[in-house]
Amino acid sequence: MISEMVLVRMEDAALHGDLVVPAPSRAVVLFAHGNGSSRHSTRNRTVAAELRTAGFGTLLLDLLNEREERHDALNAGHRYDIPLLTRRLVGAIDWLAEQPDTRGVPIVLFGAGTGTAGALTAAVERPEQVLTVVSRDGRPELAGDALERVGVPVLLIVGGDDHEMLRLNEEAARRLRAPHHLHVVPRATHLFEDPRALAQVAEVTRRWCAQRLRTPQPHGQS
(Lines give C-alpha, C1' and ligand atoms only; values in the text may rest on other atoms or scores of the structure.)
Protein backbone atom coordinates (compact mmCIF):
# COMPACT_ATOMS: atom_id res chain seq x y z
CA MET A 1 0.00 0.00 0.00
CA ILE A 2 1.24 3.48 -0.91
CA SER A 3 0.52 6.12 1.76
CA GLU A 4 2.09 9.54 1.50
CA MET A 5 1.61 13.27 1.74
CA VAL A 6 1.77 14.77 -1.74
CA LEU A 7 2.11 18.17 -3.32
CA VAL A 8 -0.02 18.52 -6.45
CA ARG A 9 1.46 21.26 -8.60
CA MET A 10 -0.75 23.17 -11.02
CA GLU A 11 -0.36 26.32 -13.07
CA ASP A 12 -1.85 28.56 -10.40
CA ALA A 13 -1.21 26.66 -7.16
CA ALA A 14 0.58 23.87 -5.34
CA LEU A 15 -1.92 21.93 -3.24
CA HIS A 16 -1.29 19.59 -0.31
CA GLY A 17 -2.94 16.20 -0.23
CA ASP A 18 -2.96 12.79 1.44
CA LEU A 19 -2.76 9.90 -1.03
CA VAL A 20 -3.36 6.28 -0.02
CA VAL A 21 -3.36 3.60 -2.73
CA PRO A 22 -3.74 -0.10 -1.93
CA ALA A 23 -2.16 -2.57 -4.32
CA PRO A 24 -3.98 -3.34 -6.46
CA SER A 25 -6.47 -0.47 -6.42
CA ARG A 26 -9.97 -0.79 -7.87
CA ALA A 27 -10.29 2.97 -8.32
CA VAL A 28 -9.06 6.18 -6.73
CA VAL A 29 -11.58 8.36 -4.92
CA LEU A 30 -10.70 12.05 -5.19
CA PHE A 31 -12.46 14.03 -2.47
CA ALA A 32 -13.76 17.46 -3.49
CA HIS A 33 -14.26 19.42 -0.28
CA GLY A 34 -16.44 22.48 -0.19
CA ASN A 35 -17.92 25.09 2.13
CA GLY A 36 -14.55 26.03 3.59
CA SER A 37 -13.51 22.46 4.41
CA SER A 38 -10.11 20.86 3.75
CA ARG A 39 -8.43 17.48 3.49
CA HIS A 40 -8.67 17.30 7.29
CA SER A 41 -12.49 17.03 7.17
CA THR A 42 -13.40 14.43 9.78
CA ARG A 43 -16.42 13.21 7.84
CA ASN A 44 -14.58 12.75 4.55
CA ARG A 45 -11.63 11.08 6.27
CA THR A 46 -14.04 8.63 7.90
CA VAL A 47 -15.62 7.78 4.56
CA ALA A 48 -12.19 7.51 2.94
CA ALA A 49 -11.01 5.03 5.57
CA GLU A 50 -14.03 2.81 4.96
CA LEU A 51 -13.54 2.90 1.19
CA ARG A 52 -9.90 1.88 1.55
CA THR A 53 -10.95 -1.31 3.35
CA ALA A 54 -12.86 -2.19 0.16
CA GLY A 55 -9.79 -1.75 -2.04
CA PHE A 56 -10.25 1.84 -3.18
CA GLY A 57 -7.44 4.37 -3.19
CA THR A 58 -8.16 7.84 -1.84
CA LEU A 59 -6.80 11.32 -2.40
CA LEU A 60 -7.88 13.93 0.13
CA LEU A 61 -6.76 17.23 -1.35
CA ASP A 62 -6.90 20.84 -0.22
CA LEU A 63 -8.54 22.64 -3.14
CA LEU A 64 -7.30 26.01 -1.86
CA ASN A 65 -3.76 27.03 -1.01
CA GLU A 66 -2.95 28.62 2.36
CA ARG A 67 -3.39 32.20 1.14
CA GLU A 68 -6.74 31.37 -0.44
CA GLU A 69 -7.89 29.56 2.70
CA ARG A 70 -7.14 32.63 4.82
CA HIS A 71 -9.03 34.84 2.38
CA ASP A 72 -11.95 32.41 2.22
CA ALA A 73 -12.21 32.29 6.02
CA LEU A 74 -12.90 36.03 5.97
CA ASN A 75 -15.44 36.33 3.16
CA ALA A 76 -16.29 32.77 1.95
CA GLY A 77 -15.52 33.90 -1.59
CA HIS A 78 -13.44 31.00 -2.89
CA ARG A 79 -15.69 28.19 -1.69
CA TYR A 80 -18.40 29.42 -4.07
CA ASP A 81 -15.99 29.98 -6.96
CA ILE A 82 -17.05 26.89 -8.92
CA PRO A 83 -14.74 27.57 -11.91
CA LEU A 84 -11.79 27.71 -9.49
CA LEU A 85 -12.78 24.47 -7.75
CA THR A 86 -13.28 22.84 -11.15
CA ARG A 87 -9.83 23.87 -12.38
CA ARG A 88 -8.24 22.46 -9.25
CA LEU A 89 -10.09 19.15 -9.59
CA VAL A 90 -9.22 18.86 -13.29
CA GLY A 91 -5.60 19.52 -12.34
CA ALA A 92 -5.77 16.78 -9.69
CA ILE A 93 -7.30 14.34 -12.19
CA ASP A 94 -4.48 15.06 -14.65
CA TRP A 95 -1.93 14.68 -11.84
CA LEU A 96 -3.30 11.25 -10.87
CA ALA A 97 -3.13 10.19 -14.52
CA GLU A 98 0.61 10.91 -14.50
CA GLN A 99 1.56 9.09 -11.28
CA PRO A 100 2.98 5.55 -11.57
CA ASP A 101 0.67 4.15 -8.88
CA THR A 102 -2.55 5.68 -10.22
CA ARG A 103 -1.98 5.92 -13.97
CA GLY A 104 -4.87 4.28 -15.82
CA VAL A 105 -6.91 3.72 -12.63
CA PRO A 106 -10.56 4.90 -12.77
CA ILE A 107 -11.26 8.04 -10.75
CA VAL A 108 -14.30 8.60 -8.55
CA LEU A 109 -15.07 12.21 -7.66
CA PHE A 110 -16.61 12.44 -4.18
CA GLY A 111 -18.04 15.91 -3.61
CA ALA A 112 -19.34 17.58 -0.46
CA GLY A 113 -20.95 20.99 -0.18
CA THR A 114 -19.93 23.29 -3.00
CA GLY A 115 -17.26 20.75 -3.97
CA THR A 116 -20.04 18.71 -5.57
CA ALA A 117 -20.59 21.41 -8.19
CA GLY A 118 -16.88 21.44 -8.95
CA ALA A 119 -16.85 17.65 -9.20
CA LEU A 120 -19.76 17.56 -11.64
CA THR A 121 -18.18 20.22 -13.83
CA ALA A 122 -14.80 18.48 -13.73
CA ALA A 123 -16.49 15.25 -14.85
CA VAL A 124 -17.75 17.12 -17.91
CA GLU A 125 -14.19 18.18 -18.74
CA ARG A 126 -12.56 14.79 -18.09
CA PRO A 127 -15.19 12.16 -19.01
CA GLU A 128 -12.60 9.56 -20.05
CA GLN A 129 -10.92 9.49 -16.64
CA VAL A 130 -13.93 9.88 -14.32
CA LEU A 131 -15.89 6.73 -13.53
CA THR A 132 -18.65 8.38 -11.49
CA VAL A 133 -19.48 11.33 -9.27
CA VAL A 134 -20.74 10.83 -5.71
CA SER A 135 -22.13 13.69 -3.62
CA ARG A 136 -22.64 13.80 0.14
CA ASP A 137 -24.80 16.67 1.29
CA GLY A 138 -23.70 18.58 -1.80
CA ARG A 139 -24.77 21.59 -3.82
CA PRO A 140 -25.15 20.11 -7.33
CA GLU A 141 -27.35 22.98 -8.50
CA LEU A 142 -24.34 25.29 -8.37
CA ALA A 143 -22.93 23.39 -11.37
CA GLY A 144 -25.44 25.33 -13.48
CA ASP A 145 -25.68 24.32 -17.14
CA ALA A 146 -23.00 21.65 -16.63
CA LEU A 147 -25.67 19.44 -15.02
CA GLU A 148 -27.21 18.66 -18.40
CA ARG A 149 -23.77 17.85 -19.87
CA VAL A 150 -22.59 15.36 -17.24
CA GLY A 151 -22.12 12.02 -18.98
CA VAL A 152 -21.02 9.76 -16.10
CA PRO A 153 -23.32 8.19 -13.49
CA VAL A 154 -24.09 10.35 -10.47
CA LEU A 155 -25.03 9.34 -6.91
CA LEU A 156 -26.56 12.04 -4.72
CA ILE A 157 -26.66 11.26 -0.97
CA VAL A 158 -28.73 13.53 1.28
CA GLY A 159 -29.89 13.41 4.90
CA GLY A 160 -33.62 12.81 5.31
CA ASP A 161 -33.93 15.55 7.93
CA ASP A 162 -32.10 18.12 5.79
CA HIS A 163 -35.20 19.31 3.94
CA GLU A 164 -33.67 22.26 2.09
CA MET A 165 -30.71 20.24 0.82
CA LEU A 166 -33.06 17.45 -0.19
CA ARG A 167 -35.11 19.91 -2.23
CA LEU A 168 -32.03 21.28 -3.98
CA ASN A 169 -30.77 17.79 -4.81
CA GLU A 170 -34.16 16.68 -6.10
CA GLU A 171 -34.27 19.68 -8.43
CA ALA A 172 -30.73 19.01 -9.64
CA ALA A 173 -31.51 15.32 -10.21
CA ARG A 174 -34.36 16.25 -12.53
CA ARG A 175 -31.87 18.15 -14.70
CA LEU A 176 -29.35 15.32 -14.97
CA ARG A 177 -29.43 13.38 -18.22
CA ALA A 178 -26.81 10.84 -17.15
CA PRO A 179 -27.78 7.76 -15.09
CA HIS A 180 -28.28 8.89 -11.51
CA HIS A 181 -29.73 7.96 -8.15
CA LEU A 182 -30.79 10.04 -5.16
CA HIS A 183 -30.22 8.17 -1.88
CA VAL A 184 -31.85 9.59 1.24
CA VAL A 185 -30.36 8.57 4.59
CA PRO A 186 -33.28 8.42 7.07
CA ARG A 187 -33.12 10.84 10.02
CA ALA A 188 -29.70 12.14 8.98
CA THR A 189 -29.08 15.86 9.42
CA HIS A 190 -27.15 18.35 7.31
CA LEU A 191 -23.73 17.43 8.77
CA PHE A 192 -24.28 13.65 9.10
CA GLU A 193 -23.19 13.88 12.73
CA ASP A 194 -24.55 10.43 13.65
CA PRO A 195 -21.76 7.88 13.02
CA ARG A 196 -24.37 5.39 11.80
CA ALA A 197 -25.51 7.82 9.13
CA LEU A 198 -21.94 8.39 7.99
CA ALA A 199 -21.36 4.62 7.92
CA GLN A 200 -24.34 4.34 5.59
CA VAL A 201 -22.82 7.00 3.32
CA ALA A 202 -19.63 4.94 3.06
CA GLU A 203 -21.50 1.69 2.41
CA VAL A 204 -23.81 3.17 -0.23
CA THR A 205 -20.80 4.77 -1.93
CA ARG A 206 -18.88 1.49 -1.89
CA ARG A 207 -21.77 -0.44 -3.44
CA TRP A 208 -22.41 2.23 -6.05
CA CYS A 209 -18.75 2.38 -7.15
CA ALA A 210 -18.45 -1.41 -7.21
CA GLN A 211 -21.48 -1.62 -9.48
CA ARG A 212 -20.04 1.03 -11.80
CA LEU A 213 -16.81 -0.97 -12.04
CA ARG A 214 -18.73 -4.13 -12.94
CA THR A 215 -20.97 -2.47 -15.51
CA PRO A 216 -19.27 0.75 -16.62
CA GLN A 217 -21.44 3.22 -18.52
CA PRO A 218 -20.24 4.44 -21.93
CA HIS A 219 -18.55 7.81 -21.52
CA GLY A 220 -20.67 10.69 -22.71
CA GLN A 221 -23.94 8.77 -22.31
CA SER A 222 -26.93 11.03 -21.78
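Trainee: Which residues does L61 touch, not counting residues up to four places away in sequence?

Mentor: First, this is a predicted model, where local features need pLDDT of at least 70 and side-chain atom pairs pLDDT 80 or more, while totals for chains, interfaces and linings use all residues. Residues are numbered from 1 along each chain as its sequence is written, and side-chain values use heavy atoms, leaving out hydrogens and water. Touching, or contact, means heavy atoms within 4.5 Å. With that rule, L61 touches V8, L15, H16, G17, L30, F31, H33, R39 and A92.

Trainee: Which residues of helix 5 are buried?

Mentor: Buried means under 20% relative accessible area and exposed over 50%, with partly exposed in between (1.4 Å probe, protein chains only). Helices are DSSP runs of H or I, at least four residues, and strands are runs of E, at least two, numbered from the N terminus. In helix 5 (residues 163-175), the buried ones are M165, L166, L168, N169, A172 and A173.

Trainee: Why do they line one face of the helix?

Mentor: An α-helix has 3.6 residues a turn, so residues three or four places apart point the same way. Down the axis of helix 5, the buried residues fall within an arc of 165° (taken from the directions from the helix axis to the C-beta atoms), so they line one face. The face turned away from that buried side carries the exposed H163 and R174.

Trainee: What covers the buried residues of helix 5?

Mentor: The cover includes strand 6 (130-138), strand 7 (154-159) and strand 8 (180-185).

Trainee: And how many helices and strands are in the protein chain?

Mentor: Six helices and eight strands.
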